[in-house]
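This report follows a set of side-chain and secondary-structure relations through one protein chain.

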Amino acid sequence: EISCSLVGSEMCIRDRFINRTVSNREIEVIIAHEMIHLKQYYDGILIQKSLTDSIVYNGIKFSPTTSYNERPWERDAYTNQDIMLAKIKDLMYEKKN
């Protein structure tokens, strides 16, 4: 089981997402997408103290009920998940001299 959560975030990777019906590629993309959210939190771009609090993204306040497709932090993660995945793979498979 893989389980990772971040208080106040949308991030949640659990065994219900990672199961035999999900391809390895999909697992990689899910992890890369969620890594972008971690970076958003780390950089202070995305702020949410609890699941019921408003979300602040790039200084703009959003309701926690904002639809998924209207969330700019999700659009950012979706747009950049393949780039993040490539960076992760480069680090993982970097040739050692």
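Which are the buried residues of H1? In this predicted model, they are Ile27, Val29, Ala32, His33, Glu34, Ile36, His37, Gln40 and Tyr41. Helix H1 itself has 19 residues and spans 27 Å from its first C-alpha to its last, which is close to the 27 Å expected at 1.5 Å a residue. Just after H1, Gly44 adopts a positive phi of about 80°.

**A histidine between two helices**

His33 belongs to helix H1, residues 24-42, and is buried, with a relative accessible area of 7%. Its side chain makes a polar contact of 2.8 Å with the side chain of Glu74, and another polar contact, also given as 2.8 Å, joins the side chains of His33 and Gln81. When residues up to four places away in sequence are left out, His33 touches Tyr68, Glu74, Ala77, Tyr78 and Gln81.

Gln81 lies in helix H2 and counts as buried at 10% relative accessibility. With the same exclusion of residues up to four places away in sequence, Gln81 touches Val29, Ala32, His33 and Ile36.

Three strands form an open sheet in the order E3-E4-E5, and the pairing is antiparallel. Strand E3 (46-47) and E5 stand at the edges with a single partner strand each, so that one side of each has no neighbour in the sheet. Strands of a sheet pair through backbone hydrogen bonds, in either a parallel or an antiparallel manner. Between E4 and E5, which run antiparallel, there are three bridges, and Tyr57 stands opposite Ile60 in E5. Helix H2 lies across E3, E4 and E5 and runs at about 55° to E4.

**The aromatic cluster**

How many aromatic pairs does a search of the whole structure find? The search finds two, and their geometry is set out below.

| Pair | Centre to centre | Angle between planes | Class |
|---|---|---|---|
| Tyr57 and Trp73 | 6.0 Å | 50° | tilted |
| Phe62 and Trp73 | 5.3 Å | 75° | edge-to-face |

Why is the pair of Tyr57 and Trp73 tilted? Planes under 30 degrees apart count as stacked and those over 60 as edge-to-face, while the rest count as tilted; the planes of Tyr57 and Trp73 stand at 50°, so the pair is tilted.

Tyr57 lies in strand E4 (residues 55-57) and Trp73 in helix H2 (residues 72-92), so this pair ties together parts that are 16 residues apart in sequence. Phe62 lies in strand E5 (residues 60-62), and its pair with Trp73 in helix H2 therefore ties together parts that are 11 residues apart in sequence.

Phe62 counts as buried at 17% relative accessibility, because buried means under 20% relative accessible area. Together, Tyr57, Phe62 and Trp73 form one aromatic cluster, in which Trp73 is paired with Tyr57 and also with Phe62.

Note on methods: Residues numbered from 1 in each chain as written. Predicted model: local features only at pLDDT ≥ 70, side-chain atom pairs only at ≥ 80, totals over all residues. Heavy atoms only, no water. Phe/Tyr/Trp six-rings, centres within 6.5 Å; stacked < 30°, edge-to-face > 60°. Helix = DSSP H or I, 4+ residues; strand = E, 2+ residues; numbered from the N terminus. Buried < 20%, exposed > 50% of the residue type's maximum accessible area, 1.4 Å probe, protein only. Polar contact = N/O pair within 3.5 Å; in protein donor to acceptor, adjacent residues only side chain to side chain. Contact = heavy atoms within 4.5 Å. Pairing = 2+ DSSP bridges. Axes fitted to C-alpha atoms, helices over the stretch in contact; angles between N-to-C directions. Expected span 1.5 Å × (residues − 1).
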